[in-house]
Amino acid sequence: MGYRIKVTYCGRLLLRLALLLIVGIRPLVGRTVTDETGRTVNVPDHPQRLISLAPSVTEIVYALGCGDRLVGDTEYCDYPPEAKRKPHVGAVLNPSLEQIVALKPDLVLGIAEANRRETAEQLDRLGIPLYGLTAHTMDDMLRSVHDLGGLLGREAEARALIERLQARTQAVAERVKSRPRPKVLFVVWYQPLVTAGPHTFISDVIRRAGGQSVTDDVREEWPRLSLEEALHRDPDIILFPRSESFAPSLEEFPKLPGWRDFRAAKNNRLYFIPDTIVRPCPRLVDALEEVARVLHPEPAATRPATGAQR
Amino acid sequence: MNEPLTTDGRPRTTESRPGVAGACLRVEGVAFRYLHFELAPTSFEAGAGELVAIIGPNGSGKSTLLELVSGHLKPLSGRICLDGHDLGSLPQRRRAQCVGLARQDAPLLFPFAVREFVRQGRHPHVDRLFESPDDEHWVQWALTKTNLVALAGRPITEISGGEFQRAVLARTLAQRPRLVLLDEPTANLDIGYQIDMLRSLRELAAEEDFVAVIVTHELSLAAEFADYLLLLDGGLCVRQGIPNRVLDSELLSRVFRTPVLVDQNPSSGRPRVTWVMP
Amino acid sequence: MTLRATRRNVLSTVLLLSGALGIAGLAALTVGGVHLSPSEVWLGLRDAGMPRVEAAIIVRDIRLPRIMLAMLVGAALATSGTALQALLRNPLADPYVLGISSGAALGAIVALWMGGRVAAASPAMAFAGALLTTAWVYLLGRRGGRLASYTLLLAGVITASFLSAVILFVLSRLSTRDVRGTAFWLMGDLSVVTGVQLRLLLPSIALALAGLYWLSKDLNVLLLGEEEAAHLGVNVERLQTVVYVLASMLTGLAVSVSGAIGYLGLLVPHLGRMVVGSDHRMLLPTAALGGAIVLVLSDTLARTVVAPAELPVGAVTAVAGAPVFIYLLRRARG
């Protein structure tokens, strides 16, 4: 009797160990890394099924040539155009967990500024790894490209892309090096007036493009200014992001009360720039070049070739 | 000017019917004081089957006295004895089992049926969450005695003021109390219902052996149906006794500050109060 | 219509509504952003193997906890609304009129503001906010040492306004992403639920519901008026305090986990009264189960109407609740 009990006990123990091994094997495959937000994540060695939870991440994934590994993205991922045809998991802020699970991803990518902490926690609980990126400056964006390249096994492509982007950035820096810096007001939204603080990549772009943001002394990320305060800071140039939801046209702005008193409005120095300036992806450099052109206009001959992200 | 208690022509039911366990109310020198008002020590007695009416001008302390008699308001001095128990010292639930007090109810915003409304009167007696068949029996009894059976299923918000008054009486009766206290029970009723209510109250008091004390403005009705009257003025009981003694033209004219005439109702022989036009 | 509150009637009603709730729950399990056939759902429910099949993950780890949360929160809010309407003798009372949801919202938002580990514990902070507000309004609402329904209502409304102003101030200091995340919570959001939360919520809510049911007869009498109830032997002061505490606890628990889902606590008691009458021995279970059913259905809509995106469930209850409210108003007038 005692012998039989011992056997069944050993049998059960072995079964449990076996189960533990099978269960535990998944985490054993892959490696544990720390993502850009400081969380520890267990990522697979060769992720083949990616889901992107932010448009900028989608762009970087495509830029690294891994667009075919992307099995799902958000409704707002619109560049490159192929991204719009991928299965959607919902909006950036509250993606559908069910959709994510149904797509069977082995790695989900998100950014700290746009996705909710709760989404990360829920994916954690379901055992789906979420790697978080973050970007406050252009260098951060480049680092994201590098990190993603490492995750996806595309280090060479990442390096090449970073070098190209850095070359273009450097070219701009050279061009505007010795020029006087005009004062720039970047208008995120006009009613109420919301601008960009010094710790955003918008501000970083303006600085590199040879400008001086008038809100560099403000502490908040997206400070709300009164019109009087903005007038007091007297920008030389006012920039607006070009998007469908931005209502008045450039000709109408100088007619609006308060706005017409800006020296920049009187001198007709109001400009739209591509709204990629709010997206921390390789096309940010396009925006950089555009802003540099606006701040420091070139004669036609020496204008550098604009281009796609490559 | 508290008159000594007299039995002056008033049948002492508790003594004249020995062996019957009728209720017995003894109010002994209760006094009270509000911020600007004072009720002087007042005493009276009543037995089962008797209807006592407290009358007097506005602000004379009638409602206060009624509330003191219920045991709900603690007197400054004196005590209320019901069947030998000091009402003030009884636990609240026990007191609700033997004293029913109905004042002008607040209007209800919630659509209880009349039967449900009356059923609330059984609350002090129900130990568990649901009523027993015995409780339902008393609810039906109360509805019958107040002629509300036909309206039993109607929402309480859809009946007239007078019917509501009767429902309040029914609720009080459903409590099966030993002491029934009613503040202005005939306020919204027409003359037919007024007489009906007071007559049935008296009959019920006799049948069920409880004491009824009412506060009323209807002097003639009080004269007709009450066995004992207390006339209050400015917190003082200026006279108490059988209607014939209390309803005196000169006294009433003084207390109510208007000339009144007290004569006799030809059909019943009881006093009748009429006003005198200048 | 009035259904007399006998033991048998109450039991029958509870059984009937529980059955309806079960059906609603099962239907909700089969519906969602990802299309699963009933047989897949059934397999998913039974699947115990490791690693789990996708259907099992979706059904057991995503939908099932969420549906259970909807049932608990719906029951809690509807019951709290019923109890507060009785306590305040006011058919317009809802669980938030005494400021508890504002206190919970402030707790959650402060947790977000502080960031880090505290931010992760925002439901606990929200509950703490609810408790503090409950105590504060209680102390403020006493008059002459007694709890008067009128002063309680006044104290609650004032506190709610004040807290809303503070919330707006703190919101202005949060980063954009946190503000947008908060918006979900403020409107009512059932998508975030952990097993730990469910394990804490179930017994707490069940206890509070049982406690209120125990007092349901006293609540009937309280509706007659504070004085009248006292004359019928009810210890009014004690009853009011206990009902206030239990109702606040139910609201606090619900709001801490799922934000301020509106209209439920106001309308379900009214609908319940229309069907079974005002006797709380019938009304409380009807409201609780009815609230659970309504919220499960609303949440199912929230998950499917704009799939794959999700609406906050508070948006669905508001959009559905407003016409119901108007209908009830017209019915009351006519």
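**Figure 1. How the three chains meet in the predicted complex.**
Let's start with who touches whom. Two pairs of chains touch, and the pair with the most contacts is chains A and C. Chains A and B, by contrast, do not touch, and their nearest C-alpha atoms lie 42 Å apart. For the complex as a whole, the predictor reports an ipTM of 0.85 and a pTM of 0.84.

**Figure 2. The contact between chain C and chain A.**
Here 22 residues of chain C meet 26 residues of chain A. On the chain C side, the elements that supply two or more residues are helix H3 (54–87) and helix H8 of chain C. Please keep one thing in mind while looking at helix H8 (residues 176–187) of chain C: its mean pLDDT of 73 is the lowest among the elements of that chain.

**Figure 3. The contact between chain B and chain C.**
In this view, 19 residues of chain B are in contact with 20 residues of chain C. Which element of chain B gives the largest share of the side that touches chain C? That is helix H3 (residues 92–98) of chain B, with three residues. By class, this side of chain B is made up of 12 nonpolar, four polar and three charged residues.

**Figure 4. Chain B as a whole, with its helices and strands.**
Taken along the principal axes, the C-alpha atoms of chain B fill a box of roughly 55 × 45 × 40 Å. Of the 278 residues in chain B, 46% count as buried. Among the contacts in chain B between residues at least 6 apart in sequence, 69% join residues at least 24 apart.

**Figure 5. The six-stranded open sheet of chain B.**
Follow the strands of chain B across this sheet and you will read the order S6-S7-S8-S3-S9-S10, with mixed pairing. Which strands sit at the edges? They are strand S6 (99–102) and strand S10 (236–241) of chain B, each of which pairs on one side only. On average, neighbouring strands of the sheet are turned by 15° against each other, direction ignored. Within the sheet, strand S3 (residues 51–55) and strand S9 (residues 228–233) of chain B pair in the parallel sense over four bridges. A handy place to look is B:Ile55, which stands opposite B:Leu231 in strand S9 of chain B.

B:Gly241 belongs to strand S10 of chain B. Is B:Gly241 buried or exposed? B:Gly241 is buried, because 20 other C-beta atoms lie within 10 Å, and 20 or more is the cut-off for a buried residue. For a sense of scale, B:Gly241 and B:Leu35 are 206 residues apart in sequence and 30 Å apart in space, C-alpha to C-alpha.

**Figure 6. The hairpin of strands S1 and S2 in chain B.**
Strand S1 (residues 24–33) and strand S2 (residues 38–47) of chain B run antiparallel and are joined by seven bridges. Together, S1 and S2 of chain B form a hairpin with four residues between them. To find your bearings, look for B:Arg26, whose bridge partner in strand S2 of chain B is B:Glu45.

**Figure 7. Chain C, with 15 helices and two strands.**
Chain C contains 15 helices and two strands. Along its principal axes, the C-alpha trace of chain C spans about 65 × 55 × 40 Å. Buried residues account for 53% of the 334 residues in chain C. Chain C averages a pLDDT of 88, and 96% of its residues score at least 70. Helix H14 (residues 280–304) of chain C has the highest mean pLDDT among the elements of the chain, at 95.

Key: Residues are numbered from 1 along each chain as its sequence is written. Chains are lettered from A and ligands numbered from 1 in the order in which they are written. This is a predicted model: local features need pLDDT of at least 70, side-chain atom pairs count only at pLDDT 80 or more; totals for chains, interfaces and linings use all residues. pLDDT is the predictor's confidence in each residue, from 0 to 100. A residue is buried if 20 or more other C-beta atoms lie within 10 Å of its own, exposed if 12 or fewer, and partly exposed in between; C-beta atoms are placed from the backbone. Two residues are in contact if their C-beta atoms, placed from the backbone, lie within 7 Å. Two strands pair if DSSP finds at least two bridges between them. Axes are lines fitted to C-alpha atoms, for helices over the stretch in contact, and angles run from 0 to 180 degrees between N-to-C directions. Ala, Val, Leu, Ile, Met, Phe, Trp, Tyr, Cys and Pro count as nonpolar, Asp, Glu, Lys and Arg as charged, and the others, Gly among them, as polar.
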